[in-house]
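Welcome, and thanks for taking a look at this fold with me. Below is a friendly walk through its sheets, helices and aromatic contacts.

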Amino acid sequence: MRARYGVPLGITAVATAGLIYSAGFEVRSFRLRRVTVPVLPSGMRPLRVLQVSDIHMVGGQRKKQRWLRSLAGLRPDFVINTGDNLSDPEGVPETLDALGPLMEFPGAYVFGSNDYYGPKPRNPARYLLEKASGRHGLNGNKPVVGAIHNPWEDLRDGFDAAGWLDLTNTRGTLKVDGVSVELTGLDDPHIKRDRYAKVAGGPSGSADLSLGVVHAPYLRVLDAFAADGYPLILAGHTHGGQLCIPFYGALVTNCDLDADRVKGLSTHTAEGRTSYLHVSAGCGTNRYTPVRFACPPEATLLTLVGRE
């Protein structure tokens, strides 16, 4: 009996322990990633940018809300929110409350698909199938039928009332202690709402710094930003792979970005120009898959410094 059932029972025990850890501990083990990026003109004082992404707020997530509020203690120069704030149609008030202290700082935002539409139960294996077939979101899959519409307008109105810039397929400029920061943003490429033609042309040249901002880091968007000469691109969406293999990394990115750049700082080159790319692993999950493994939830404090 031991020879026949010892291994299966052992595997079951390990799998159960992993599920308890990923759903009970790691998914609430919030971290702060710190990154230094040399993109400022030489001699300019450093700028501290807090990026929050993929909050996926569900009612009652008190620990996440307290942690988000605590990030205001970092005193960033400005905040960039790269979308997917919601995973609950009733989650707007708690999202705005959690982000309230951060909205006292200058900021800007783009939305992701989960800000517009409520999630549905989904077999996680489909992400592997989509990767193998090259289909992600509406970029190859059929349009979603019967989707739940989230009250994204209320979220937008709350951000706008705080003075955050809406970068939905448009440009905006922040003034931070006399420094001019030009921001160019896109709506979510995952559901084909990006319209780069509306913002094409690259940095204006009149600002001290120019950034590209988007939710999902699809290659067509990264190519466009890099070719236009943006020194830094900020994105989210990937959840860092969410369920990763220790010492190996992510299996999927939920877009056509390669898994080696699923989170953190890297570079992207197009038409002979190279941009820094930072992809946030985000601090939440879809409400129907509330687990993380070898991929803790995070926000990022980017310190922008002068180019060497």
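This is a predicted model: local features need pLDDT of at least 70, side-chain atom pairs count only at pLDDT 80 or more; totals for chains, interfaces and linings use all residues.

Which residues of α7 are buried? They are Val221, Leu222, Ala224, Phe225, Ala226 and Ala227, and their cover includes β7, β8, β9, β10 and β11. After α7 comes Gly229, with a positive phi near 90°.

The model has another sheet to explore. Here 6 strands make an open sheet with mixed pairing, in the order β1-β12-β2-β3-β4-β5. β1 and β5 (165-166) are at the edges with a single partner strand each, so one side of each has no neighbour in the sheet. Strand β2 (residues 47-52) pairs with strand β12 (residues 298-306) in the antiparallel sense, over 5 bridges. Within β12, Leu301 stands opposite Leu50. Helix α6 (residues 152-161) packs on this sheet and touches β3 (78-81), β4 (107-109) and β5, its direction making about 160° with that of β4.

Helices also meet each other. In general, the packing of two helices is described by the angle between their axes and the distance between the axes. For α2 and helix α3 (residues 92-99), that angle is about 35° and the axes are 7 Å apart. From α2, Arg62, Gln65, Leu68 and Arg69 meet Glu94, Asp97, Ala98 and Leu99 of α3. Sorted by class, this contact of α2 with α3 holds 3 nonpolar, 1 polar and 4 charged residues.

Now for the rings. How many aromatic pairs are there? The count, with ring centres within 6.5 Å as the rule, comes to 11 aromatic pairs. Two of them are set out here.

| Ring pair | Centre distance | Plane angle | Class |
|---|---|---|---|
| Phe30 and Trp67 | 4.8 Å | 15° | stacked |
| Tyr116 and Tyr117 | 6.4 Å | 55° | tilted |

Why does the Phe30 and Trp67 pair count as stacked? Planes under 30 degrees apart count as stacked, and the planes of Phe30 and Trp67 are at 15°, so the pair falls in that class. Phe30 is in the loop between α1 (2-24) and β1 (31-40), while Trp67 is in helix α2 (residues 62-70), so the pair ties together parts 37 residues apart in sequence. Phe30 is buried at 15% relative accessible area, and Trp67 is buried too, at 13%.

In the other pair, Tyr116 is buried, with a relative accessible area of 4%, whereas Tyr117 is partly exposed at 28%. Tyr116 and Tyr117 are also part of a cluster that ring pairs build from Tyr109, Phe111, Tyr116, Tyr117, Trp152, Phe159 and Trp164.

Some rings carry a charge over the face. Arg122 lies over Tyr127, at 4.6 Å from the ring centre. Arg220 has its charged end over the ring of Tyr218, 5.3 Å from the centre.

How values were computed. Residues are numbered from 1 along each chain as its sequence is written. Side-chain values use heavy atoms; hydrogens and water are left out. Rings of Phe, Tyr and Trp (its six-membered ring) pair if their centres lie within 6.5 Å; planes under 30 degrees apart count as stacked, over 60 as edge-to-face and the rest as tilted. Helices (H or I, at least four residues) and strands (E, at least two) are DSSP runs, numbered from the N terminus. Buried means under 20% relative accessible area, exposed over 50%, partly exposed in between (1.4 Å probe, protein chains only). A charge sits over a ring if NZ of Lys or CZ of Arg is within 6 Å of the ring centre and within 35 degrees of the ring normal. Axes are lines fitted to C-alpha atoms, for helices over the stretch in contact, and angles run from 0 to 180 degrees between N-to-C directions. Contact means heavy atoms within 4.5 Å. Ala, Val, Leu, Ile, Met, Phe, Trp, Tyr, Cys and Pro count as nonpolar, Asp, Glu, Lys and Arg as charged, and the others, Gly among them, as polar. Two strands pair if DSSP finds at least two bridges between them.
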